[in-house]
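Hi everyone, thanks for coming.

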Amino acid sequence: MHDYTNTTAVVTGASKGLGEAYARELASRGAHLVLVARSADALNTLAGQIRKAHSVRVDVIAADLSDRRSPQTVVDAIDELGLEVDLLVNNAGMGSVGPFLGRPLEPNLQSVDVNVTALIGLVHLLGAGMVERGRGGIVNVASTAAFQPMPYQASYAATKAFVLSFTEALAEEVRGTGVRVMAAHPGATDTGFFDRTTASMDPKTTDTPADVAAGTLDDFARGRSVSFPGRASNRAGTWASRLLPRTTVARITGNLNRKAGFDDVSDLDPATS
């Protein structure tokens, strides 16, 4: 079992949702934290709450991970703090919902920068030091969306498919170095992912961020290379895409997303969302 006590963990997207849950769960297990997200105010509020609840160090780095310079900015800030990172939790993520050709392009491009570019940048910059020291861990948060094409969430699922493939390959490359790499594949999670749009998740099929975070960290502690945190059906749902033709899977997923109303999505006025 991996022991998180007195380790230093970097958590991206830590200001809310699943990232906040990872931060709180790691702190409860004795890990010191470096919290990364865009909102300095939200990070500082969370950091204060964690410091009161747990005897751990919490540092805050405000960075916009959609900026391709951000991985170096984050690592430079960590170096200035004089910290060595034992665990990187690449949790930050975003995605666009709705018909790809009928929705704005920019959120799709931003999701590639956050979900892919920032992730591999942080892995490269922090992972090299881990290998040099002969110890460390990386958890890349992908999704059950990684296992099949998803019409009406086309670019999001594609970014998570990249994370899946990249993480599996990297795990093999570093095998035997003392560094472990794991992909986590949550299903639908109650994180406000569709906030500011008319899309919504079915509460009956969503997991809580706290349960997903605990499940992910339990799996990493057990030495697993892949985690399906949350309800057991999450893992079972990925098998159809491995057995059926890809075009069939795309049609099935497309039908499910149409039933969920994802084919007709609009943005909400910020004042009312």
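So, the surface to begin with: the protein has an accessible surface of about 13,100 Å², and carbon and sulfur atoms account for 52% of that; the areas come from the Shrake-Rupley method with a 1.4 Å probe, where for residues only the protein chains shown count as cover. Please keep in mind that this is a predicted model, where local features need pLDDT of at least 70, side-chain atom pairs count only at pLDDT 80 or more, and totals for chains, interfaces and linings use all residues. Residues are numbered from 1 along each chain as its sequence is written, and side-chain values use heavy atoms, leaving out hydrogens and water.

Of the 273 residues, 48% are buried, meaning under 20% relative accessible area, with exposed being over 50% and partly exposed in between (1.4 Å probe, protein chains only). The C-alpha trace spans about 50 × 45 × 35 Å along its principal axes.

Now the secondary structure: nine helices and seven strands, taken as DSSP runs numbered from the N terminus (helices H or I, at least four residues; strands E, at least two).

Let's zoom in on H2. Which of its residues are buried? They are Leu-43, Leu-46, Ala-47 and Ile-50. These cover an arc of only 105 degrees around the axis, so they sit on the same side of H2; the arc is that of the directions from the helix axis to the C-beta atoms. That buried side packs against helix H1 (17-28), strand S2 (32-37) and strand S3 (58-62), a contact being heavy atoms within 4.5 Å. On the face turned away, you'll find exposed Asp-41 and Lys-52.
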